[in-house]
Amino acid sequence: MGEETGSARVLVTDLDGTLLAGDGRDRRRLRDVLNRHPDITVVFATGRSLVSVQALLRDDPLVPSPRWIIADVGASVIDAIGMVHLEDLQRKLRAGWPGAHRVRVALRQFPQLVYQEGVPQEGRCSFYLNPRGLSDELKAAVKALGCSWSYASGRYFDVLPARASKGRALRLLGRRLGWPRQAVLVAGDSLNDLSLFCQGTNAVVVADAEPALVAGVPASKRVHHSALDGAAAVLEGMERLGWLVRRSVVVGYHRPPVRWLDDGWRPPSSPNGILPTLRAALTDLRLDAVWAAACIGEAPPPAEPVTAVDGLPLSLLPLRAEQWAGYFHRVCKETLWPALMSQPGLIRDRPAHWADYEEVNAAFARHIGSLAARGGTVWLHDYNLWLVPALLRAQRPDLTVGLFHHTPFPRPDVFSRIPAAGQLLDSLACLDWAGFHTADCADNFRRLLASRCTPTPRVGVHPLGIDRRAVADLARTRPQPRQGKDGSQLVLSVERLDYAKAPVHKVRALDALLASSPRLRGHVRYRLVCPPPEAGIRAYDSTRSELENAINRINHRWGTHGWEPVDYVPSNLDFPEVVDHYLAADVFWVTSLADGMNLTAQEYVVACHAMNRPGVLVLSRHAGVARHLGTAALLTDPLRPRDLVDTLRAALAMTVRERAAHITRLDGLLDTPSPDEWARTVIAAIRGARASPQGGSDQRRIR
């Protein structure tokens, strides 16, 4: 038994109401954590018998394997490796025990006692008892038998040997194995756990514990009264003692940076965007980071954290499919997204699903808190986790929490149209730092929080760029497109299906252009690469219907044999294919009603410049990158139909020389940092937020 001594860490936990209680995800996480930490010795301290514990281990896959079992409310001690009773310890615990038969006979005078028929028990005698029946006469009768008693959960009355209790059994076992008291953590919820809390060890009282236990075990430096239930409280107790491997940086995003495909994790094909950007940053071991993301049943969640792909630390939070649908498909996309896109008329109140949003955010907060080292940094992303800051502030006030918005941030008057605006605002005010792509969005955030009396978060402006080298190198490996001999031109858009991208506006503008400029018929084709949204999202159904109808109309109206004005590609393409389209396009058309940075515009410019390909960028004034490129791009306003037509016409009229100069100038203006540098800069800004006066800024501008 030498392996049990020395620096061992020992978890002694009750079962019912403690280890077995709480959310199934927390129970699974606790099991996985204990499986990953074999140096933590697990001891069950339960009122159950050995037979009952064995059945539990056989039938419940979420129960971790114990090394030792204290059973029968402390009357039995078992070596769980061979399920062998430690007879010498039990003789000490059961000394003077008169036997269950004598106890039952002596207590027949108390009709309020109902013997627990069919409940396996050793070295004790167990009854059901109403609280009103716990009389002084009954206590005296038990004492006269030379026994002790335990009453728990307002129902269970156990007559025990005078020297038996969970606490004494632990003390005897600990002495034998050489466990220092400071190396032991006990966890419980009922009054028959009280003796465990009297051993001078570290301890955690779980939420919803019996009031008598709470009163009998006041909080102290070694005793923590948790606000969490069951398994989550046990995890919290271990975390507070520093038993678990935790990271100095936790990134929280609703999606993982890899996807499960053909029984394996696959990274995204594009080097750009938030997923590959953070993935590249997190593989830097010096960062000591882990990515917390949701797992929605597409693959069994592995024990966490795991190394999923190329050294990436990934910790997955399992969510039910119906819970994800309410959270993401309904609330995120139908209630919050329209506000972010400054389309308040499209906001839909989804009270039936708001609970899903709250539950998922609460689960993320618990999950992130379990992964973060004390005094660590949490980097949240986007509106999907807007409630997490307040929850983390309550659960883990030691953490520094930042949130970066990759989407636009609306004006205060639009934000206030969100049904739960007040609740969201209270949470955002708990941030230490908030980041944005543009100064306009940062200013909207500041003005939103300006009415609050509490100090406001620091604000940073950090525009995200692309991996220019990766795009340029890929472009140089692709086959070069053939030049049309008839002067025909290709206009390209690459965007997901979303009303905020204004796809219908573009098709209508092209229709108006062909009507007013007959010479362009047969010589201009618009290719729209437009992948559909995730299955289950209904927020874009009407946009899809309008778009398909508009495409059918324009192709029917103007199409001829061998030519149609719109080439619609409603599917996801691998990034090399996207680059092929960039290189083939004469004009790249971005018409967002609202946007973050818009990385596709940057990719188009870099790909064309790498191959000395002339091109034209027609860019919405409402895209974040327009704040940086300015009039070097052909700026357009999708809210003005005539402007869309005129700007596209101007782009198509530019000469090859003008287009070459245009691309060169745009490429020179793209001086955003590399994605991994950007990520390190943001993390540094979050870490520094608490060291600086709140309400300030750490803006970085590009010319």
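Begin the tour by selecting D32 and R31: a salt bridge joins them, with the closest N and O atoms 2.9 Å apart. Colouring by accessibility places D32 among the buried residues, since its relative accessible area is 8% and buried means under 20%. The model on screen is a predicted one.

**Further salt bridges**

Next, select R25 together with D23. These two residues form a salt bridge, and 2.9 Å separates the closest N and O atoms. The two partners can then be examined in turn for accessibility. R25 is buried, at a relative accessible area of 14%, whereas D23 is partly exposed, at 29% relative accessibility.

Move on to R411 and D413, whose side chains meet in a salt bridge of 3.0 Å from N to O. Here R411 is partly exposed, with 40% relative accessibility. D413 is partly exposed as well, with 44% relative accessibility.

**Helices α18 and α23**

For the next view, show residues 503-516, which make up helix α18, and residues 641-653, which make up helix α23. Two packed helices are described by the angle between their axes and the distance between the axes. For α18 and α23, the angle is about 65° and the axes lie 9 Å apart. The two helices are therefore roughly perpendicular to each other, and the crossing of α18 and α23 is right-handed.

Display the side chains where these helices meet. On α18, select H505, A509, L510, A512, L513 and S516; on α23, select L644, V645, L648, R649 and L652. The residues of this contact comprise eight nonpolar, two polar and one charged.

Keep α18 in view and select A502, which is found in the loop between β23 (489-494) and α18. A502 is buried, with a relative accessible area of 0%.

S153 is not a glycine, yet its phi is positive, at about 60°. Is S153 buried or partly exposed? With a relative accessibility of 44%, S153 counts as partly exposed.

**Helices α21 and α24**

Finally, show helix α21, residues 599-610, and helix α24, residues 656-669. They pack at an angle of about 120°, and their axes are 9 Å apart. That angle makes α21 oblique to α24. The crossing of α21 and α24 is left-handed.

To see the contact itself, select Y604, V605, V606, C608 and H609 on α21, along with I663, T664, L666 and D667 on α24. By residue class, the contact of α21 with α24 divides into six nonpolar, two polar and one charged.

Terms used. Residues are numbered from 1 along each chain as its sequence is written. This is a predicted model: local features need pLDDT of at least 70, side-chain atom pairs count only at pLDDT 80 or more; totals for chains, interfaces and linings use all residues. Side-chain values use heavy atoms; hydrogens and water are left out. A salt bridge is a side-chain nitrogen of Lys or Arg within 4 Å of a carboxyl oxygen of Asp or Glu. Buried means under 20% relative accessible area, exposed over 50%, partly exposed in between (1.4 Å probe, protein chains only). Axes are lines fitted to C-alpha atoms, for helices over the stretch in contact, and angles run from 0 to 180 degrees between N-to-C directions. Helices (H or I, at least four residues) and strands (E, at least two) are DSSP runs, numbered from the N terminus. Angles under 35 degrees count as roughly parallel, over 145 as roughly antiparallel, 65 to 115 as roughly perpendicular and the rest as oblique. A crossing is left-handed if the near helix is turned anticlockwise from the far one by less than a right angle, and right-handed if clockwise. Contact means heavy atoms within 4.5 Å. Ala, Val, Leu, Ile, Met, Phe, Trp, Tyr, Cys and Pro count as nonpolar, Asp, Glu, Lys and Arg as charged, and the others, Gly among them, as polar.
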